[in-house]
Amino acid sequence: MEQAFLALLTIVIGVGGCVGYFWLSNIVLDKAIFPVGGPNANRNITRANAVRPWLFLLPAVLALGLYLAYPVFATAWLSLNRNEAGELVFVGFDNYRQMLGEDKFWESLRNNAIWLIVVPAMATAFGLLAAQLTDRIRWGNIAKSMIFMPMAISFVGASVIWKLIYDTREAGQTQIGILNAIWLKFDGGAGSFLLLRVLPALILLAGAAAILWVVWGQVRALSDGGTMAKALRVLGIVVGAWLAYVAVSWGFGAATAQLPYGQPQFWLQIPFWNNFFLMAVLIWLQTGFAMVILSAALRGVPEDTIEAAIIDGANPFQIFFKIKVPQIMGTIVVVWTTITITVLKVFDIVRAMSGGQQETQVLANYMYDKLFVAVDWGVGSASAMVILLLVTPILVWNVYNARKEMR
Amino acid sequence: MENIAGKKPALTWAVHISVGLLVLLWVIPTIGLLVSSFRSGDQIVSSGWWNALFTQEQQMSPIRVEGAEVAKDGVFVVEGRLFGTDGVTVSAWGTSSREPTAYAPGDTASLDDGISVTVQADGAYALTSPVTTEGMRLPRIFTTAATPPEFSTANYNLVLFSPLAGQSIFQAFMNTATVAIPATIIPILIAAFAAYALAWMEFPGRALLIAAIVGLLVVPLQLALIPLLQIHNAIGIGKGYLGIWLAHTGFGLPLAIYLLRNYMVGLPKDIIECAKVDGATDFQIFTKIILPLSFPALASFAIFQFLWTWNDLLVALVFLGTSNDQQVLTGNIVNLMGSRGGDWEILSASAFVSIAVPLIVFFAMQKYLVRGLLAGSVK
Amino acid sequence: MKSKLYVSAAALAIFAGGAHAQDLKFPVGEGAFNWDSYKAFDEATNLEGQSISLFGPWRGEDQVLVETMLAYFTAASGVAVNYSSSEGYEQQIIIDAEAGSPPDVAVLPQPGLIADLAGKGFITPLGAETAQWLTDNYGAGASWAALGTAKGKDGAEALFAFPYKADVKSLVWYSPENFEDAGYAVPTTMEDLKALTDKIVADGGTPWCIGLGSGGATGWPATDWVEDMMLRTQPPSVYDAWVKNELPFNSPEVVAAIDEFGAFAKNDAYVQGGAAAVASTDFRDSPKGLFSSPPGCYMHRQASFIPSFFPEGTELGTDADFFYFPAYAGKDLGQPVLGAGTLAFIMKDSEAARAFIEWLKTPIAHEVWMAQTGFVTPHKAVNTELYGSAALKKQGEILANATTFRFDGSDLMPGAVGAGSFWTGMVDYVGGKSAQEVADTIQSSWPK
């Protein structure tokens with residue numbers, strides 16, 4: 001009971017305190033320090049307006065500075081030191097050198113790169129698809145709730161759920177993991193040929209085609225914009241072309257691979273591909289987030305632009321890709337950024353399901369291992385700095401966007 | 001908008017089917033766990049959950065003959081039934097682990113020392129022995145039997161009411177609520193003001209501040225744990241509820257500011273400029289115009305922040321502690337998993353207990369959320 | 001001021017909710033317990049109104065057990081004990097120590113981690129007389145005292161942690177009736193064990209269940225196998241050198257021990273599900289093959305805690321039993337026993353914390369737990385008749401008869417190896433890499 005009372009008290013004091021702070025500080029500013037009216041009215045308004053943003057920002061800046069910025073600087077400092085018998089000793093870049101010499105670090109970096117490409121792309125794509133489709137049917141809200149449901153599940157719960165899916169029993173025993181049960185239904189016949197070879201190959205080829213379409217758009221737009229934009233476009237074209245190449249070669253691989261029919265698979269132990277089985281969990285969790293935000297944005301697309309397109313005879317696909325998607329591009333970027341950042345920080349799923357073993361290590365879990373298992377603050381902090389460094393492109397992009405908005 | 005699809009029935013059907021597939025794909029994992037949480041451990045490991053509704057023919061775990069013996073016609077007889085529930089049909093049985101299907105129902109198996117055993121198809125057994133079975137280790141019976149589908153709430157009883165060292169799940173529930181509710185409201189309030197300032201107020205260093213906030217989004221929580229706990233200890237907060245509220249506020253702020261600012265920037269410029277021309281102060285604009293208009297965004301972020309704080313384990317372990325009056329729900333369940341780790345039935349039931357509240361909150365808020373989102377289409 | 005208000009309000013809530021008076025499980029003065037030690041402690045210690053926070057690894061059912069023991073301490077000394085634990089307790093103790101909010105007393109099963117904390121000055125030494133007490137009163141006392149000894153911040157060696165509660169790891173679990181049905185006898189030498197393994201295969205059965213899965217800690221069961229094999233192929237001095245890395249991890253002795261393990265785990269015919277299943281089967285699921293019919297396997301090597309994960313209703317002694325993981329008759333290495341245990345240490349010095357360590361020296365502190373379940377102790381003054389089950393008693397005897405007792409090596413190694421590359425390496429090894437390759441990787445990960 002005391003606890004409920006305490007919680008209630010906090011809500012009242014916390015919320016009251018916040019509102020009170022904003023309200024009072026504004027009054028003080030307007031009435032006491034720079035009174036509106038009197039001889040210097042205009043000067044005072046200007047001054048008050050110069051100070052006011054900082055009043056609005058103060059609590060946030062304080063909290064951010066203490067809870068996030070300070071630890072970052074502390075970490076940066078720790079990454080240049082080594083703890084020897086409880087004393088910090090400055091060692092320069094030794095920790096980084098040691099980290100770069102570890103295979104596990106490079107493995108994490110490689111896996112993180114794959115995660116960063118696959119998870120935000122898939123989650124945003126599925127989210128956009130779900131948002132668009134569910135808006136058009138009567139039971140859309142129920143469907144939305146169902147897709148959103150995984151968001152409500154903790155990582156602890158999610159890892160249990162997916163362990164049940166990936167479970168493997170010996171050949172001959174009843175499988176209790178649904179993935180293996182389905183897998184064992186495939187026998188190499190016509191059905192398997194269609195579903196396991198033709199279908200994935202087609203999906204991958206379609207993906208490659210979509211990427212190439214985007215790349216082609218960029219190639220055509222190459223002459224526009226400044227040097228900076230050009231450089232970014234060239235980079236995008238190179239990455240896109242590489243991704244398209246990968247998709248085509250995987251499609252070819254899917255069509256020709258020798259598949260071990262009839263044998264239960266240990267999904268989390270298949271080298272390289274086990275990463276994708278872990279990614280599936282995060283995609284499953286994050287799609288609901290993307291869907292909710294994107295659905296709101298889609299509803300915000302002005303009706304008249306769509307009606308104009310219908311009158312012009314556009315088909316639903318054209319409306320979606322040419323009218324709606326460009327208008328909600330800003331939201332898509334926000335969703336993409338948010339999920340990318342979640343991916344950079346993901347460690348619960350990897351920790352609970354594979355522990356980063358069998359070449360599934362990712363940076364955040366590598367850092368956790370270094371910090372709390374190996375108790376190596378130096379290298380742990382160094383790997384944290386690498387994670388922070390990886391966010392730089394997103395940072396630049398967002399600043400660029402914010403600047404554009406301000407104009 | 002609906003009329004676009006309405007024109008082409010084939011397309012409508014395609015939409016229905018693809019949404020159906022998508023939903024199916026997304027709920028199957030959870031349904032699997034839900035079904036499993038109502039089955040016994042034996043059932044879970046002997047058949048897939050998708051077969052739970054059908055009668056299962058399976059190898060049962062061995063059952064030892066037990067019961068009071070009765071002296072009848074110079075022999076000693078022990079009678080009983082193998083299964084507590086009706087409807088189980090034995091198709092084969094045996095008395096040795098090497099030949100668990102040696103006999104058909106109704107057969108009589110002769111064991112050492114003149115002992116014989118008969119098992120009927122319904123699971124009734126009779127053991128006859130020429131000497132008293134007192135103090136003797138009786139044989140085990142291995143059966144292959146068809147069991148009808150069976151569901152029970154036993155797992156939930158165990159998870160909710162198991163007497164584990166004063167670890168009441170209700171206490172944990174209260175603790176989690178105490179953590180989650182203030183940790184949801186406070187950051188949103190602070191973030192809303194900051195987001196407004198970053199979206200609609202002119203001041204030097206604005207772009208820099210936005211960049212800093214995006215940069216802070218990515219700070220891995222784990223590296224903030226020790227420096228922050230050090231600060232908390234130094235200024236006397238120590239480990240406790242105040243500390244965890246502050247911590248969740250700090251960790252939730254960047255995303256809150258980022259999302260809210262992006263939403264507020266999209267609000268119609270003219271409304272705000274008109275208000276300014278009319279002489280409204282920023283404070284008035286914020287409370288009278290921006291807040292109501294941003295309600296959908298505030299509501300959706302509130303849901304996210306609530307889900308995160310409710311499901312959090314790491315921050316609670318570090319800033320709150322682990323004694324019984326501080327243990328949060330996720331911590332409680334992880335402890336349960338640690339001690340009962342191999343048992344799917346416990347895992348599934350406890351995972352469902354942990355997601356129940358977030359799901360209820362989501363479904364309760366959902367109508368609200370969708371309505372809010374609709375109102376947000378003001379662009 | 002505001003924060004102060006909260007702190008006191010929170011403190012109030014803690015005291016209101018936390019006071020669970022627990023009944024004493026065994027009435028004082030009844031049964032074969034060493035009540036004299038209880039009464040002596042009761043008279044000598046009067047710390048009414050004081051309290052300590054205790055942080056340990058026991059959760060769930062184990063927490064119930066430890067709290068029965070703590071109830072006696074509270075009754076005798078007047079010190080209230082606030083016990084807590086969590087998943088990931090190793091990380092939490094590190095965080096709390098570094099941040100300056102450690103518990104008064106902590107209990108950990110990793111001497112390696114304790115040494116680390118001691119080296120940073122987070123632990124109060126227990127003093128020479130306690131070290132002497134351990135040597136005198138524990139079976140193989142000197143080795144137990146050595147476990148708790150580490151270098152402090154000043155570089156001087158001292159006793160920092162007090163061993164309390166042991167686990168025997170060199171055990172092979174089996175179903176006596178399955179052995180009976182098939183006509184197998186319990187092997188007493190490693191040669192016999194290998195012959196039995198081959199015989200089971202020849203009879204069409206699968207001899208072993210091995211599972212290394214354990215979420216983020218996947219691989220650790222294999223480290224126990226390798227350590228057991230080290231003790232059975234090399235003298236204890238080599239084992240000690242290996243644990244300290246004076247003998248490199250990739251030296252031929254270690255590689256041979258890894259391959260000894262591989263002889264069991266990497267043979268498709270020997271393990272349930274084939275070698276591929278070893279790394280992915282959860283260690284908690286792996287013993288279940290013993291109890292299926294027909295048997296999924298006949299033997300399972302695992303520590304004394306594993307019966308908690310046997311199917312519901314399994315009775316130790318009739319449905320399941322264990323034998324000592326035997327040593328080679330051909331090698332003159334005696335009967336080595338691999339074990340583990342937990343060690344208590346003081347992080348915030350106080351009279352009450354000291355009293356708690358003194359309490360752990362009394363036989364009654366051991367007897368209360370051992371009369372229940374899951375507790376084996378090397379304390380020589382306890383009444384072994386009190387062991388809660390025949391199985392515990394037998395484990396107690398194995399511990400007592402050991403010619404060599406060695407602590408779980410992976411817990412003694414630095415965390416980067418013992419809770420990192422050693423686990424990972426073993427998973428890679430059963431996944432197909434060679435022992436030499438794996439050992440090289442582990443050696444290179446050893447912190448310099």
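Reader: How many residues of chain B are in contact with chain A, and how many of chain A with chain B?
Author: In this predicted model, the contact brings together 96 residues of chain B and 91 residues of chain A.

Reader: And what is the make-up of the chain B side, by class?
Author: Where chain B touches chain A, its side has 70 nonpolar residues, together with 23 polar and 3 charged ones.

Reader: OK, switching to chain C: how many residues of chain A are in contact with it?
Author: Chain A contributes 21 residues there, and they are in contact with 29 residues of chain C.

Reader: Which elements of chain A give two or more residues to that side?
Author: Those elements are α1 (2-33), α14 (348-353) and α15 (363-373) of chain A. By class, the side of chain A that touches chain C holds 9 nonpolar, 7 polar and 5 charged residues.

Reader: Now, what domains does chain C have?
Author: The domain assignment gives domain 1 as 28-167 + 339-405 and domain 2 as 171-338 + 409-444. Taken over C-alpha atoms, the centres of these two domains of chain C are separated by 28 Å, and the contact between them takes 21 residues from domain 1 and 19 residues from domain 2.

Reader: Which element gives the most on the domain 1 side?
Author: That is α16 of chain C, with 6 residues. The elements that each supply at least two residues to this side are α5 (111-119), β10 (336-346), α16 (390-401) and β11 (404-407) of chain C.

Reader: What classes of residue are on that side, then?
Author: The side of domain 1 of chain C that touches domain 2 has 11 nonpolar, 9 polar and 1 charged residues.

Methods:
Residues numbered from 1 in each chain as written. Chains lettered and ligands numbered in written order. Predicted model: local features only at pLDDT ≥ 70, side-chain atom pairs only at ≥ 80, totals over all residues. Domains from an automatic or database assignment. Contact = placed C-beta atoms within 7 Å. Helix = DSSP H or I, 4+ residues; strand = E, 2+ residues; numbered from the N terminus. Nonpolar A, V, L, I, M, F, W, Y, C, P; charged D, E, K, R; others polar.
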